[in-house]
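The account follows the structure shown here.

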Amino acid sequence: MTLIKHELRQGKITLFIWSFVIAFMLAACILIYPEMGAQMSDVSSMFSEMGSFSAAFGMDRLNFGEFMGFFGVECGNVLGLGGAFFAALLGISILAKEEKEQTAEFLLTHPISRSKILTRKLAALILQIIILNVIVIIVTMFSIYAISEEPAVRPLSLLFIAYFILQIEIASVCFGISAFLSRSGLGIGLGIAALLYFLNIIANLTEDARFLKYITPFGYTESSDIIADKCLNTGYLFTGLLFTVLGISAGYYWYCKKDIQT
């Protein structure tokens with residue numbers, strides 16, 4: 001517990017800033033909906049006729065004039081990208097920072113195995129992601145209540161679940177990569193999150209690239225599919241869970257055998 005508390009204290013400012021920014025942007029999007037809702041029906045028709053551009057962002061299957069359609073596109077992108085970047089930054093630095101900041105010697109001299117250190121760091125990482133999502137959900141619910149909307153509960157819940165799993169997957173992959181690094185990998189983490197986002201856009205543009213949805217976690221967070229089908233794509237989801245397990249396993253395997261630079 002001491003190590004978990006230490007990690008939470010170290011990351012509290014970063015967690016606060018990211019939680020505030022994402023929650024604020026979501027609240028702003030929701031609160032402007034009443035002003036824009038009446039005009040969104042025409043916008044929705046226009047976007048649905050824009051071919052590949054509409055398909056790339058899932059706008060061909062959503063009605064912007066309805067709250068869930070508006071939330072899926074506008075708020076979904078905020079939570080998807082914001083959460084992905086936050087998870088990537090956490091995961092990519094959680095292990096590498098000990099060597100970069102030359103604190104590994106102090107940490108590893110304690111009577112605790114490397115595997116237990118990894119478990120506690122992973123627990124702290126997941127806990128921070130949970131805290132961010134709890135804050136975001138609370139702010140979202142209050143914002144929806146403020147504009148007197150009654151969204152469909154199941155699709156809305158599935159969206160939040162999907163984005164939470166996405167964040168865990170990206171954090172886990174970056175956690176595994178972090179074990180191989182001995183210096184800052186922030187650029188790598190952000191690059192991975194951005195790459196996965198654009199892979200999903202490419203997959204939406206053409207059927208020939210549809211297989212990319214099995215690689216990117218944004219494949220199972222597609223708001224248009226979740227809202228329309230009221231379920232998550234289990235094929236994409238199970239592949240994402242496999243990448244999660246592989247990322248964590250790689251982190252444990254390499255960190256427990258590597259020579260730590262002190």
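In this predicted model, Phe71 is buried, with a relative accessible area of 4%. Phe67 is likewise buried, at a relative accessible area of 5%. Both residues lie in helix α4, four residues apart, which is about one turn of the helix.

**Overall architecture**

The protein has 11 helices and zero strands. Of its 262 residues, 49% count as buried. Among contacts with a separation of 6 or more, 78% are accounted for by residues 24 or more positions apart.

In soluble globular proteins, nonpolar side chains tend to be buried together. Here the largest nonpolar core has 63 residues, and Phe67, Phe71, Ile129 and Ile170 are those with the most contacts inside it. At least two residues of this core come from each of α1, α4 (67–93), α7 (114–146), α8 (153–178), α9 (186–205), α10 (223–229) and α11 (234–255). Not counting residues up to four places away in sequence, Ile170 touches Ala84, Ala88, Leu196, Pro217 and Phe218.

Leu26 belongs to helix α1, which spans residues 2–31. With a relative accessible area of 1%, below the 20% limit, Leu26 counts as buried. Its contacts, leaving aside neighbours within four places in sequence, are with Cys75, Val78, Val136 and Thr140. Leu26 and Phe71 are 45 residues apart along the chain, and their C-alpha atoms are separated by 8.9 Å.

Gln167, found in helix α8, is also buried, with a relative accessible area of 0%. Beyond its neighbours within four places in sequence, Gln167 is in contact with Leu79, Gly83, Ala84, Ala87, Ile129, Leu132 and Asn133.

**Aromatic pairs**

The structure holds 12 aromatic pairs. Two of them are set out below.

| Ring pair | Distance between centres | Angle between planes | Class |
|---|---|---|---|
| Phe16 and Phe20 | 6.2 Å | 20 degrees | stacked |
| Phe67 and Phe71 | 5.9 Å | 35 degrees | tilted |

The planes of Phe16 and Phe20 stand at 20 degrees, under the 30 degrees cut-off, and the pair is therefore stacked. Phe67 and Phe71 have planes at 35 degrees, between the limits of 30 and 60, so this pair is tilted. Phe16 and Phe20 both lie in helix α1, four residues apart, about one turn of the helix. Phe16 and Phe20 are exposed, whereas Phe67 and Phe71 are buried. Ring pairs also link Phe67 and Phe71 into a cluster with Tyr33, Phe70 and Phe160.

**A nonpolar surface patch**

Which residues make the nonpolar surface patch of about 740 Å²? The patch is made by Ile13, Phe16, Ile17, Phe20, Val21, Phe24 and Met25. The stacked rings of Phe16 and Phe20 therefore belong to residues of this patch. Val21, another patch member, is found in helix α1. Its relative accessible area is 37%, which lies between 20% and 50%, so Val21 is partly exposed.

Methods: Residues numbered from 1 in each chain as written. Predicted model: local features only at pLDDT ≥ 70, side-chain atom pairs only at ≥ 80, totals over all residues. Heavy atoms only, no water. Buried < 20%, exposed > 50% of the residue type's maximum accessible area, 1.4 Å probe, protein only. Contact = heavy atoms within 4.5 Å. Core = buried A, V, L, I, M, F, W, Y, C linked by side-chain atoms within 4.5 Å. Patch = residues over 30% accessible without salt bridge, like charges linked within 9 Å, V, L, I, M, F, W, Y side chains within 5 Å. Areas by Shrake-Rupley, 256 points an atom, 1.4 Å probe, with all protein chains shown as cover. Salt bridge = Lys/Arg side-chain N within 4 Å of Asp/Glu carboxyl O. Phe/Tyr/Trp six-rings, centres within 6.5 Å; stacked < 30°, edge-to-face > 60°.
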